[in-house]
Amino acid sequence: MSTLFDKINSGADLDRQDLIDILKLTDQDDLERLFNAAYKVKLKYIGKRVSLRGIVEISNKCIKDCFYCGIRRGNINVERFELNKKQIVEGLLTAFNFNYGSAVMQGGERNDEKFVVMIEEVLREVKERTDGRLGITLSLGEQDESVYRRWFESGAHRYLLRIEASNPELYGMLHPADHTYERRMECLHSLQHVGFQTGTGVLIGVPGQSIEDLANDLMFFKKFDIDMIGMGPYLVHPDTPLAKKFPDFEEKRKDQLNLGLKMIAAARLLLKDINLASTTALQALDPVGRELGLLAGGNVIMPNVTATEYRPGYQLYTGKPGLDENSEQSRIALEKTIRQTGETIIYNEWGDSPHYFRRSGKR
Ligand code: 5AD
């Protein structure tokens with residue numbers, strides 16, 4: 001054990017086997033040492049800082065049928081909603097007025113022209129009304145490169161598209177046959193090609209996944225030279241096919257939380273200067289899960305700025321926190337708990353990943 005920690009603390013580059021050893025740690029003292037080491041790396045490359053992105057969940061209408069997701073097309077128990085342009089703009093401006101500096105538009109996947117145009121119009125309007133000062137990230141799934149380009153030219157500059165599982169075989173087990181790994185990879189390449197700061201991530205602790213898969217996911221992030229990571233523990237949604245494969249989920253909540261935190265710590269140790277989100281899924285497992293994520297190496301939190309009435313419609317998993325809160329309450333609660341970690345919130349900045357500048361400087 002001491003050799004693993006000697007290597008971690010020396011700052012030497014970690015290899016795949018080190019990542020496997022990290023992900024297998026279970027002893028509470030070892031976990032503390034791991035999180036502290038990752039936090040130190042974060043302090044060195046990012047500082048004692050947290051960036052916020054207000055997230056607007058624009059719609060739960062989705063053309064995809066992913067086996068893990070509560071808003072999959074096949075879930076007939078979900079009442080579908082979609083915000084109109086004005087409501088989306090309002091959500092984004094809430095983030096701006098809270099001085100978050102940047103916002104995310106996330107929603108179920110759609111690629112009809114009407115939708116594509118609506119997003120363009122929202123982007124242009126918000127850019128205009130904030131004098132170009134609100135940074136905008138999109139998380140709207142797989143699109144043709146021409147669509148990504150139109151959205152980029154309309155003012156979005158970051159895009160999140162999780163690979164979900166970098167192992168094509170596991171990807172195949174989590175999705176119907178017409179959702180292909182190749183297409184997902186093609187989209188990630190398109191995003192980088194168009195010029196987006198590109199973020200990706202995986203489901204952590206999903207049925208059928210091994211520790212080796214997770215170590216390979218981390219190596220995948222490195223090889224793909226990504227700028228940001230948003231990944232979180234898998235949480236069961238009862239109306240999905242994958243729920244059957246995880247019958248003892250309730251007893252495994254603590255393990256899921258720890259695995260999520262270990263992945264964050266390992267990603268920080270391996271990739272150092274990237275933006276790393278401490279995701280809401282961690283908060284679903286522990287009221288202070290996101291704060292624990294910050295102390296394990298995360299530096300980004302995405303507070304919900306969706307109007308309260310629409311929140312219940314956007315449950316990718318059950319037990320999602322903050323459903324009955326409004327954006328103001330979410331903000332006040334979060335600011336308080338972040339302060340308790342000793343971290344400083346960065347306001348009114350886009351909070352781009354230092355890695356992006358280093359990478360683009362290189363090119
Ligand atoms: N548990 C955790 N994360 C989920 N996502 C979808 N369903 C679940 C779930 N049941 C994640 C996916 C997707 C992101 C928007 O939400 O990784 O990319």
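**Ligand site and a helix pair**

Trainee: Which residue has a polar backbone atom 3.4 Å from a nitrogen atom of the ligand?

Mentor: Remember that this model is predicted. A polar contact needs N or O atoms within 3.5 Å. At 3.4 Å from the ligand nitrogen, the polar backbone atom belongs to Leu 316.

Trainee: What percentage of the ligand's exposed area does the protein bury?

Mentor: Start with the ligand taken alone. It then exposes 410 Å². Of that area, the protein buries 88%.

Trainee: Which residue puts a side-chain N or O atom 2.8 Å from a ligand oxygen?

Mentor: Look through the residues around the ligand, which include Tyr 68, Gln 106, Arg 162 and Glu 164. By class, this shell has 8 nonpolar, 1 polar and 2 charged residues. The side chain at 2.8 Å from the ligand oxygen is that of Arg 162.

Trainee: How far is the backbone N or O atom of Leu 235 from a nitrogen atom of the ligand?

Mentor: Leu 235 is among the residues around the ligand. Its backbone supplies the N or O atom here. The distance to the ligand nitrogen is 2.7 Å.

Trainee: At roughly what angle do helices H9 and H10 cross?

Mentor: H9 spans residues 211–224, and H10 spans residues 253–271. Their axes come within 10 Å. The crossing is right-handed. Its angle is roughly 35 degrees.

Trainee: How many charged residues are in the contact of H9 with H10?

Mentor: From H9, the residues include Leu 214, Asp 217 and Lys 222. They meet H10 residues, among them Met 263 and Leu 270. By class, the contact has 11 nonpolar residues and no polar ones. The number of charged residues is 2.

Key
Residues are numbered from 1 along each chain as its sequence is written. This is a predicted model: local features need pLDDT of at least 70, side-chain atom pairs count only at pLDDT 80 or more; totals for chains, interfaces and linings use all residues. Side-chain values use heavy atoms; hydrogens and water are left out. A residue is near a molecule or strand if one of its heavy atoms lies within 4 Å of it. A polar contact is a pair of N or O atoms within 3.5 Å; within protein, one must be able to donate a hydrogen and the other to accept it, and residues adjacent in sequence count only if both atoms are side-chain atoms. Accessible areas come from the Shrake-Rupley method with a 1.4 Å probe; for residues, only the protein chains shown count as cover. Ala, Val, Leu, Ile, Met, Phe, Trp, Tyr, Cys and Pro count as nonpolar, Asp, Glu, Lys and Arg as charged, and the others, Gly among them, as polar. Axes are lines fitted to C-alpha atoms, for helices over the stretch in contact, and angles run from 0 to 180 degrees between N-to-C directions. Helices (H or I, at least four residues) and strands (E, at least two) are DSSP runs, numbered from the N terminus. A crossing is left-handed if the near helix is turned anticlockwise from the far one by less than a right angle, and right-handed if clockwise. Contact means heavy atoms within 4.5 Å.
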